[in-house]
Amino acid sequence: MLKIPEVSDEYFCELLSYVSEKRRSRIQRLHDDRKQRQSAFAELLLRAVLCVKKGMQNELLVLRKTPKGKPYLPESRFEFSFSHTESLAAAAVSDCPVGVDVELIRKIDERLCQRFFSKQEQEYVFSESSDRQNRFFEIWTRKEAAVKRSGEGITHDIAAIYT
């Protein structure tokens with residue numbers, strides 16, 4: 001996990017040269033500077049970890065996506081996942097399927113619980129009013145990481161994933 005640092009616009013533009021061309025194009029279409037930096041630093045973190053694990057130079061890392069959007073590295077035994085939120089980026093690399101999610105703990109929309117959580121999960125979230133937000137995001141991040149691990153993407157029915 002990485003706390004996304006504050007960097008000058010000039011240095012950020014320099015850092016963009018280390019991310020994939022597709023990511024750079026996507027970042028440049030974002031209108032929110034904060035979201036641009038989140039996206040860039042998430043991939044930068046992933047690339048740094050992959051470079052160390054594979055012993056490769058960044059320029060040689062060509063990330064691809066499956067038809068459902070799961071990123072992968074062709075001809076590699078490594079599985080990976082990455083995520084970002086507000087001031088954090090996270091990456092996980094493994095030799096077996098892996099998924100990671102990171103979320104800012106914030107006010108929850110109770111309708112999300114009803115839509116995406118099982119009855120048992122809803123009971124867990126609402127069992128104590130003082131810790132609802134933490135309980136919600138504990139389950140949400142587990143579900144999202146499981147969906148990323150499976151490679152099904154957000155099209156997968158996360159209500160059917162029990163944490």
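Hi everyone, and thanks for coming. Please keep in mind that what we have here is a predicted model.

Let's start with strand E5, residues 88–94. Five of its seven residues are buried, so I'd call this strand mostly covered. Which strands pair with E5? One is strand E4, residues 79–85, which runs antiparallel to E5 over seven bridges. Another is strand E1, residues 2–3, also antiparallel, over two bridges. If you'd like to find these pairings on screen, look for Leu-2, whose bridge partner in E5 is Ala-89, and for Thr-85, which is bridged to Leu-88. E4 and E5 make a hairpin with two residues between them, and in that turn Glu-86 has a positive phi of about 35 degrees.

Now for the cores. The largest nonpolar core has 23 residues, and Phe-12, Phe-41, Leu-46, Leu-50 and Phe-80 have the most contacts inside it. Which elements supply at least two residues each? Those are helix H1 (9–15), helix H3 (33–54), E4 and E5. The biggest giver is H3, with eight residues. Let me pick out Phe-80: leaving aside residues up to four places away in sequence, Phe-80 touches a list that includes Leu-46, Leu-50, Leu-63, Tyr-72, Ala-92 and Val-98. There is also a second, separate core of nine residues, with Cys-113, Phe-116, Val-125 and Trp-140 among them.

Val-125 takes us to helix H5, residues 119–126, where the buried residues are Glu-121, Gln-122 and Val-125. As a reminder, an α-helix has 3.6 residues a turn, so residues three or four places apart point the same way. The buried residues of H5 pack against helix H4 (110–116) and helix H6 (132–150). Over on the other side of H5, you'll see Lys-119, Gln-120 and Glu-123 exposed.

Is Arg-23 buried or exposed? Arg-23 counts as buried because its relative accessibility is 8%, and the cut-off for buried is under 20%. Its side chain makes a polar contact of 2.7 Å with the side chain of Ser-39. Besides Ser-39, Arg-23 touches Glu-43 and Phe-82, again not counting residues up to four places away in sequence.

Key. Residues are numbered from 1 along each chain as its sequence is written. This is a predicted model: local features need pLDDT of at least 70, side-chain atom pairs count only at pLDDT 80 or more; totals for chains, interfaces and linings use all residues. Side-chain values use heavy atoms; hydrogens and water are left out. Buried means under 20% relative accessible area, exposed over 50%, partly exposed in between (1.4 Å probe, protein chains only). Helices (H or I, at least four residues) and strands (E, at least two) are DSSP runs, numbered from the N terminus. Contact means heavy atoms within 4.5 Å. Two strands pair if DSSP finds at least two bridges between them. A nonpolar core is a set of buried Ala, Val, Leu, Ile, Met, Phe, Trp, Tyr and Cys residues joined through side-chain atoms within 4.5 Å. A polar contact is a pair of N or O atoms within 3.5 Å; within protein, one must be able to donate a hydrogen and the other to accept it, and residues adjacent in sequence count only if both atoms are side-chain atoms.
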